[in-house]
Amino acid sequence: LPAAIATVGTPASQAVVGMDSGIPNFFISVGDPVSAGLITDMDAAPDKNATGTSNYIPIADIFEFAAEFTPDVQSYGILYNTGEVNAVSTAQNAMKYLDEAGIKYVERTVTAAGEVQTAAESLMGQVDAIYVPNDSIIQTAMPLVAQTARENGVPVYGSSAVMVRSGAFATKAISDKKIGAITADKCIEYLEGKAIADIPAEVVPADDVVVNQDAADALGIAIPADM
């Protein structure tokens with residue numbers, strides 16, 4: 001048996017922790033570890049034989065960042081998969097932020113990758129921009145979402161650098177290398193004898209601005225010189 005199991009994202013981490021195999025889990029880039037059932041309290045000692053890092057999405061930062069690029073946006077499409085707890089909680093936080101900011105939005109949900117393009121197409125003509133939470137289903141179909149949006153002059157703001165590399169326009173995100181390295185350090189601590197309960201999980205702050213230049217050119221959006 002392995003000494004530990006490292007997992008990337010919410011579904012894989014839930015699967016490993018749910019097995020209750022006795023093998024410690026080190027999760028990487030889980031948006032909401034508490035809602036996902038990986039830990040009871042991020043501020044307390046890990047209690048489910050799992051610890052790691054959260055890429056909790058900084059909703060306010062992303063929308064404030066979006067306002068710098070596209071200040072004329074009056075309405076957002078919120079596109080997400082209802083089957084992933086992290087996507088649902090992030091979408092709810094986004095809608096709460098937009099409600100408080102007095103910005104309109106249209107919600108579209110999917111349950112499978114095959115539904116994503118149709119959902120994206122249904123937003124065209126109704127919104128000025130699209131926001132996608134941390135969502136593996138939408139990520140799989142991001143090239144289709146991005147192409148549909150570009151053809152209609154609609155920027156897509158994602159929640160990760162991977163989404164932007166897959167065609168979304170931009171985001172403010174957590175460095176994949178940084179969050180992976182932090183989790184690896186936690187695993188090393190365990191392998192060197194430290195108990196899981198003594199290795200706290202942590203939220204890694206978003207400090208990377210990621211922009212897809214091809215998307216910017218297609219949409220005619222200028223990147224500020226100081227960015």
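## Basis of the values

The model is predicted: local features need pLDDT of at least 70, side-chain atom pairs count only at pLDDT 80 or more, and totals for chains, interfaces and linings use all residues. Residues are numbered from 1 along each chain as its sequence is written, and side-chain values use heavy atoms, with hydrogens and water left out.

## The largest pocket

The largest pocket holds about 440 Å³ of space. Its lining consists of 24 residues, and G9, S29, N55, N134 and S160 are the closest to its centre. A pocket is an open set of points on a 1 Å grid over the protein atoms alone, with protein on both sides within 12 Å along at least five of seven lines; lining residues have an atom within 4 Å of a point. Grid points are joined across faces, edges and corners, and a volume is the space filled by probe spheres set on the points.

Elements that give two or more residues to the lining of the largest pocket are the helices α1 (10-19), α5 (136-140), α7 (161-165) and α8 (176-191), together with strand β8 (170-173). Helices (H or I, at least four residues) and strands (E, at least two) are DSSP runs, numbered from the N terminus. By class, this lining has 9 nonpolar, 11 polar and 4 charged residues. Here Ala, Val, Leu, Ile, Met, Phe, Trp, Tyr, Cys and Pro count as nonpolar, Asp, Glu, Lys and Arg as charged, and the others, Gly among them, as polar.

## The cavities

The whole structure has 2 cavities of 30 Å³ or more. A cavity is a set of grid points where a 1.4 Å probe fits but cannot get out. The largest has a volume of about 40 Å³, and its lining is made up of G31, Y56, I57, I59, S89, T90, N93 and N134. Helix α3 (residues 85-101) provides the largest share of that lining, 3 residues. The lining of the largest cavity has 3 nonpolar, 5 polar and no charged residues.

The second largest cavity contains about 30 Å³ of space. Among the residues lining this second cavity are A146, A149, R150, F169, A215 and L219. Both α6 and α9 (213-219) give two or more residues to the lining of the second largest cavity, and α6 gives the most, with 3. This lining divides into 9 nonpolar, 1 polar and 1 charged.

## Helices α2 and α3

The axes of helix α2 (residues 59-69) and α3 come within 10 Å and cross at roughly 55 degrees. Axes are lines fitted to C-alpha atoms, for helices over the stretch in contact, and angles run from 0 to 180 degrees between N-to-C directions. The two helices are therefore oblique to each other; angles under 35 degrees count as roughly parallel, over 145 as roughly antiparallel, 65 to 115 as roughly perpendicular and the rest as oblique.

I59, A60, F63 and E64 of α2 meet T90, N93, A94, Y97 and L98 of α3, where contact means heavy atoms within 4.5 Å. By class, the contact of α2 with α3 has 6 nonpolar, 2 polar and 1 charged residues.

## Helices α4 and α6

Helix α4 (residues 116-123) and helix α6 (residues 142-151) pack at an angle of about 20 degrees, with axes 9 Å apart. They are therefore roughly parallel to each other. V116, Q117, A120 and E121 of α4 are in contact with L144, V145 and T148 of α6.
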